[in-house]
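Please read it beside the sequence and the model.

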Amino acid sequence: MNASRNSIREIWGERTPYYDQWPERVDQYITEEPDKWVQSACVLCSNGCGIDIGVKDNRIVGVRGRAVDRINHGRLGPKGLHGWKANHSNDRLTVPLIKENGSFRKATWQEAMDLIVTRSKELIARHTSGSLAFYNSGQLFLEEYYTLSVITKAGLGTNHVDGNTRLCTSTSAWALKLSFGADGQPASYRDIDLTDALLLVGHNMAFTQTVLWSRVLDRMKGPRPPKLIVVDPRRTATAEMADVHLMPRVGTNVPLLNGLLHQLIEWDAVDHDYLEKHTVGFDALKSTVSQWTPELVEKVTGVPASLLLKAASIIASTPSLVSTALQGVFQAWQATGAAVQINNLHLIRGLLGKEGSGVFQMNGQPTAQNTRECGANGELPAFFNWHNEKHVRQLADIWNVDPSIIPHWGPPTPIMEIMRYAELGSVKMLWIAGTNPAVSLPGLSRIRHILKKNDLFVVVQDAFMTETAQLADVVLPTALWGEKTGCFTNADRTVHISHKAIDPPGEAKSDLDIFIDYARRMDLRDKDGQPLVKWSSPEEAFEGWKRCSKGRPCDYSGLSYEKLSQGSGIQWPCNEQYPDGKERLYTDGYFNTDYELCEGYTHDLTTGGAVPPEKYKENNPAGRAIILPCEYDPPLGFTDESYPLLLTTGRVVYHFHTRTKTGRVKELNDAAPDVFIQISQEDANEHNIQEGDLVRLESRFGSVQGPARIGGIAPGLVFVPFHYGYWDGEDAKTAANELTKPSWDPVSKQPHFKYNAVNLVRLDTKLSELASKTKDTLRSAVKSAVQTTKETLKL
Ligand SMILES: Nc1nc2c(c(=O)[nH]1)N[C@H]1C(S)=C(S)[C@@H](COP(=O)(O)OP(=O)(O)OC[C@H]3O[C@@H](n4cnc5c(=O)[nH]c(N)nc54)[C@H](O)[C@@H]3O)O[C@H]1N2
Ligand SMILES: Nc1nc2c(c(=O)[nH]1)N[C@H]1C(S)=C(S)[C@@H](COP(=O)(O)OP(=O)(O)OC[C@H]3O[C@@H](n4cnc5c(=O)[nH]c(N)nc54)[C@H](O)[C@@H]3O)O[C@H]1N2
Ligand code: SF4
Ligand SMILES: [Mo]
């Protein structure tokens with residue numbers, strides 16, 4: 001073994017202070033000397049670090065960071081250094097499986113695809129394509145999303161398509177659309193190198209983008225450290241480093257941000273010239289925030305007025321500012337409303353599209369940007385607007401189909417509504433690719449019930465026997481990262497190519513090959529009777545996408561596989577005007593808000609109500625950014641006598657989501673083997689709970705149990721990481737989503753994973769004996785999945 005550090009202990013590695021550029025530091029972890037290195041990017045978060053895959057005898061034997069890459073300058077975090085081992089887990093799915101009489105049997109691809117195609121055709125004939133739904137991912141590749149998008153929109157014509165990005169960055173997309181006219185992050189990671197101040201709202205960067213955090217830490221060690229403001233109700237590793245840490249009550253991001261906006265306006269820390277030239281809506285904002293004095297903010301959010309003023313004075317005086325929002329905003333109460341107020345802070349100070357200034361409505365998953373760009377989240381690809389007839393016609397021309405087949409009679413169906421249709425019976429086939437909803441959706445007992453329904457035909461396309469795959473009718477084994485070629489785009493619009501390094505195991509196929517095979521077998525054709533999907537390789541698919549995105553805000557037309565393979569990360573837009581990509585968007589203060597260009601028309605932030613196109617046209621912002629205010633609306637479904645505490649959920653540094661990869665990597669799993677329930681010292685005292693005692697949380701939707709972890713959190717608040725899949729016994733469930741509720745933001749339709757009312761119970765001796773028994777059989781999700789696969793495949 002050859003490792004540049006023990007990244008489990010030294011998460012961020014040694015400091016390399018920033019002077020005039022971020023120094024290179026090549027992190028590496030190999031188990032054997034590779035015969036060759038293959039260019040790729042890390043697929044375990046949205047940071048998108050450039051990575052080389054070390055290969056020997058058709059096996060991955062390690063990874064190293066790419067020194068030349070603009071994102072990480074060679075660095076990798078613990079997941080990046082270790083996650084690849086999951087590719088070689090001995091319980092990978094290697095053949096298709098079909099469920100018969102309740103258990104799986106091995107099948108050929110011919111059998112499995114025949115079954116899916118026959119069922120699709122029957123359902124379309126009897127119930128229209130509205131009976132088919134597709135739920136995909138933020139972890140496939142661009143070429144795969146675009147192909148799925150063409151199939152579902154131009155071939156089948158179903159509106160029931162969503163990505164797990166709905167749970168992740170739907171709010172990000174909406175916040176960007178509503179303020180700037182189209183999705184796409186305005187800033188560049190280099191702005192972190194240059195900025196004088198950072199504002200992180202609901203973003204635990206130290207744990208969830210470890211390499212970006214190294215970049216921040218290196219700035220802090222350099223000559224001109226930026227000021228850091230963190231807004232998080234927990235004392236996270238990120239908050240530990242803050243100059244100002246604001247801990248608002250869960251659910252109160254909007255009043256807090258309104259308080260900051262109010263203060264800037266009060267002090268006239270406002271760029272009037274910028275506002276005049278480049279924005280609309282300032283007066284409405286001014287009047288909405290006028291009541292949010294520091295005293296009122298303190299009353300509603302619990303943040304002391306003096307601390308709020310301290311944060312406000314940094315934002316008011318800094319010559320440059322980078323802000324980020326992530327799940328503490330996107331999955332919280334008034335998600336889109338709060339995210340947009342962060343854009344407003346930048347707009348009123350005119351700190352956007354300039355060196356060292358910009359907003360990241362941050363992405364989470366490695367390829368979430370592509371899900372959204374390519375329309376695998378149900379929207380039209382290339383930020384075309386389904387509400388704009390001209391856009392629909394343009395897209396129909398690109399695909400050579402009749403515009404009427406492209407769903408544009410209403411907004412795409414978000415996953416929680418797809419689930420409701422499946423529950424009611426109108427959705428009869430659900431194809432799930434690259435996501436594990438039996439752990440990641442809110443209110444799991446209901447989700448399991450729906451997925452198990454006899455009249456719902458469930459297809460799961462995954463590399464492992466996940467909790468969701470176990471409930472499927474057909475399971476299709478897929479290639480993973482490293483076993484297929486494709487591109488993906490990170491949170492600062494940097495496009496990377498990831499080359500195939502090794503073959504997938506057994507008969508596993510890439511998602512691209514599976515989707516193309518489905519299109520061929522379904523005989524999907526264009527207007528001239530030619531095959532609708534005109535490509536059979538990733539590179540051809542990429543060329544198809546280039547044609548679609550040309551001239552749009554996310555223009556990829558200047559990129560090619562060759563160009564991407566020569567460099568190491570190129571930002572979009574990349575076209576004739578910007579052959580090397582454009583570092584920042586909106587540098588000229590001209591936004592994508594024109595009626596004819598924009599991706600969508602305005603929505604009311606409180607109700608989610610859509611503003612009619614005519615109204616938007618009447619007040620055409622015509623290239624000016626839109627300042628949308630948001631009134632505070634106190635949260636619903638909050639605490640009462642039976643459920644007196646507030647629950648929030650999130651991540652630990654060592655695991656990725658439902659642990660299908662990180663749970664199979666010994667180093668990562670050993671570092672964080674079990675669920676825990678984080679409570680304050682005050683609440684622990686009140687319930688007579690000691691560190692490590694087994695406790696149970698109960699909500700109106702279910703229960704979870706695990707050991708208590710005390711401290712680092714506001715009194716009245718409880719935190720549970722959501723990584724740990726369920727144990728199918730009533731007394732020992734561990735998935736945080738047993739507790740969460742099926743409600744969502746009115747604009748982005750992103751579920752409210754970050755607040756719910758719960759009750760805390762210390763388990764008595766009898767129950768805790770029971771609990772410790774089940775604890776032994778924990779790590780259950782992975783364990784039982786391994787078991788099922790082994791039994792089925794006779795491994
Ligand atoms: N290690 C690791 N890294 C990851 C991932 C992973 O699973 N593991 N997943 C990736 C993905 S897909 C995503 S989306 C990102 C998510 O990255 P983050 O958003 O940084 O992660 P979370 O832990 O979900 O939530 C962030 C913080 O929100 C806080 N919070 C909760 N409620 C509120 C609230 O009402 N207001 C405010 N201001 N804060 C609140 C929580 O205390 C938490 O610390 O991480 C990416 N990176
Ligand atoms: N309570 C609570 N719930 C949450 C969150 C939270 O903070 N709290 N966060 C939400 C967020 S932000 C997210 S992003 C979601 C994540 O939720 P999920 O999407 O369910 O999480 P993953 O475990 O990443 O699931 C991805 C699946 O895709 C498979 N996979 C990986 N690569 C490939 C591939 O190339 N092809 C195919 N076909 N499959 C592949 C993996 O094996 C895995 O089963 O969870 C959401 N749920
Ligand atoms: S920061 Fe994200 S992209 Fe970079 S190595 Fe870590 S998990 Fe991978
Ligand atoms: Mo996410």
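1. In this predicted model, an oxygen atom of ligand 2 lies 2.6 Å from a polar side-chain atom of N164. A polar side-chain atom of T435 is 2.8 Å from an oxygen atom of ligand 2, and an N or O atom in the side chain of R651 is 3.2 Å from one. A polar contact here is a pair of N or O atoms within 3.5 Å. The protein buries 99% of the 910 Å² that ligand 2 exposes when taken alone (accessible areas by the Shrake-Rupley method, 1.4 Å probe).

2. Around ligand 2 there are 31 residues, of which Q139, N164, S440, D462 and T658 come nearest (a residue is near if one of its heavy atoms lies within 4 Å). Domain 2 (97–166 + 367–485 + 505–539) and domain 4 (645–793) each give this shell at least three residues; the bounds come from an automatic or database domain assignment.

3. A backbone N or O atom of H655 is 2.5 Å from a nitrogen atom of ligand 1, and one of Q327 is 2.9 Å from an oxygen atom of ligand 1. Taken alone, ligand 1 exposes 920 Å², and the protein buries 100% of that.

4. The model is predicted: local features need pLDDT of at least 70, side-chain atom pairs count only at pLDDT 80 or more, and totals for chains, interfaces and linings use all residues. Residues are numbered from 1 along each chain as its sequence is written, chains are lettered from A and ligands numbered from 1 in the order written, and side-chain values use heavy atoms, leaving out hydrogens and water.

How values were computed: Polar contact = N/O pair within 3.5 Å; in protein donor to acceptor, adjacent residues only side chain to side chain.
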